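Thanks for making time this morning. I would like to walk you slowly through one model, and I will define each term when we first need it. Please have a look at it before I start.

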Amino acid sequence: MDNHSAFNTGQTQRAQRFRRLHQPGEPFILANVWDAASAHVVATAGAQAIATSSGAVSWAHGVQDGGNLDLDTVRVSLQEIVAAAGDLPVSADIESGYAQDPNGVAASVAAAIAAGVVGINLEDSGAPADSPTAPLYSLDDQTARIAAARQAAERTGSQLFINVRTDVFLFGVRAEEGRYDDVVTRARAYRDAGADGLFVPGLLDLDLLSQIHHATDLPLNAMWLPGAPSPAELAKAGIARLSVGTALFQATYTYAQRVAEKLLTQGSYTDLEDTLSYGELNAAFRATS
């Protein structure tokens, strides 16, 4: 088997495992990562799959979230994360595709697949500021972008789980009473364009989530926010997937700040003890020539 065939076989197997995880009412949890080290520790903690957070990846590279990373940096980062994840499937948050036009989205998707991912998140926000539907892409524009992503995957012969994120609730688009209908309308159009899943960040109302679940036939992804319902409660609402966005990054660096403050102000080594060992972490990564 040549390298290309081996890649496609491995990609297909991981993609199929990832797709099978999406069972409504049986949510699997994604502790979103940002680099090889975080991917390694999440994998060894018992993850069923690995997903990136675009915000966390951006911050790890010293830039603000919101489409500020260049595609080549994203591609290299994804390669490192995929390598650290081992056999676990990896899904990449590619924001709004690092492009506005469908061809640009297709190029970004092709780069992500080449890096080894089996899933993507693609946002419907990020439209040009002068767009009449800003901050969201119009239905026609976003469905064209989704179709381009699907076609890019098909051209590579790869299976790809396209999780389309709609920011209707996150950004409070439209009057509140119209948001549910907007999400359902978008979800159905996105499904027809090639989406496999629907992500509705900013919405944790169990009744509305349940209604969206029943009104669409796409596996539904919710995002943790402070005060979020428990995974068991979200399961009853039909959620198939729960992610935490930038929260793990924030928790990690909050802890690092506290440890550093104790070290620098109190001379305390206490929190530097009982950690993952140097040898354990060093052995997790490959040597370079």
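Let me begin with a question: in which loop is the place of Glu-95? Glu-95 sits in the loop that runs between strand β3, residues 90-93, and helix α5, where helices (DSSP runs of H or I, at least four residues) and strands (runs of E, at least two) are numbered from the N terminus.

Before going further, a word on the source: this is a predicted model, in which local features need pLDDT of at least 70 and side-chain atom pairs count only at pLDDT 80 or more, while totals for chains, interfaces and linings use all residues. Residues are numbered from 1 along each chain as its sequence is written, and side-chain values use heavy atoms, with hydrogens and water left out.

Glu-95 is not a glycine, and yet its phi is positive, at about 55°. With a relative accessibility of 4%, Glu-95 counts as buried, a word that I use for under 20% relative accessible area, with exposed for over 50% and partly exposed for what lies in between, using a 1.4 Å probe and protein chains only. Tyr-98 is placed in the loop between β3 and α5, and although Tyr-98 is not a glycine, it has a positive phi of about 50°. Tyr-98 counts as partly exposed, at 21% relative accessibility.

Now to the helices. Two packed helices are described by the angle between their axes and the distance between the axes. The axes here are lines fitted to C-alpha atoms, for helices over the stretch in contact, and the angles run from 0 to 180 degrees between N-to-C directions.

The contact of α5 with α6 divides into 10 nonpolar residues, one polar and two charged.

Moving on, α6 and helix α7, residues 176-193, have axes that come within 8 Å and cross at roughly 30°, which makes α6 roughly parallel to α7. Gln-142 is one of the α6 residues in this contact, and Tyr-190 is one of those from α7. By class, the contact of α6 with α7 has six nonpolar, three polar and two charged residues.

Is Gln-142 itself buried or exposed? At 0% relative accessibility, Gln-142 counts as buried, and, not counting residues up to four places away in sequence, Gln-142 touches Leu-122, Glu-123, Asp-124, Tyr-137, Val-164 and Tyr-190.

In soluble globular proteins, nonpolar side chains tend to be buried together. A nonpolar core, as used here, is a set of buried Ala, Val, Leu, Ile, Met, Phe, Trp, Tyr and Cys residues joined through side-chain atoms within 4.5 Å. The largest one has 42 residues, of which Ile-50, Val-109, Val-117 and Ile-120 touch the most other members. Apart from that core lies another, of 19 residues, with Leu-204, Leu-209, Leu-234 and Ile-239 among them.

His-214, found in helix α8, residues 206-215, is exposed, with a relative accessible area of 63%. Glu-280 lies in helix α11, residues 278-283, and counts as partly exposed at 44% relative accessibility. Glu-280 and Gln-266 are 14 residues apart in sequence and 28 Å apart in space, from C-alpha to C-alpha.

Technical notes: Nonpolar A, V, L, I, M, F, W, Y, C, P; charged D, E, K, R; others polar. Contact = heavy atoms within 4.5 Å. Parallel < 35°, antiparallel > 145°, perpendicular 65-115°, else oblique.
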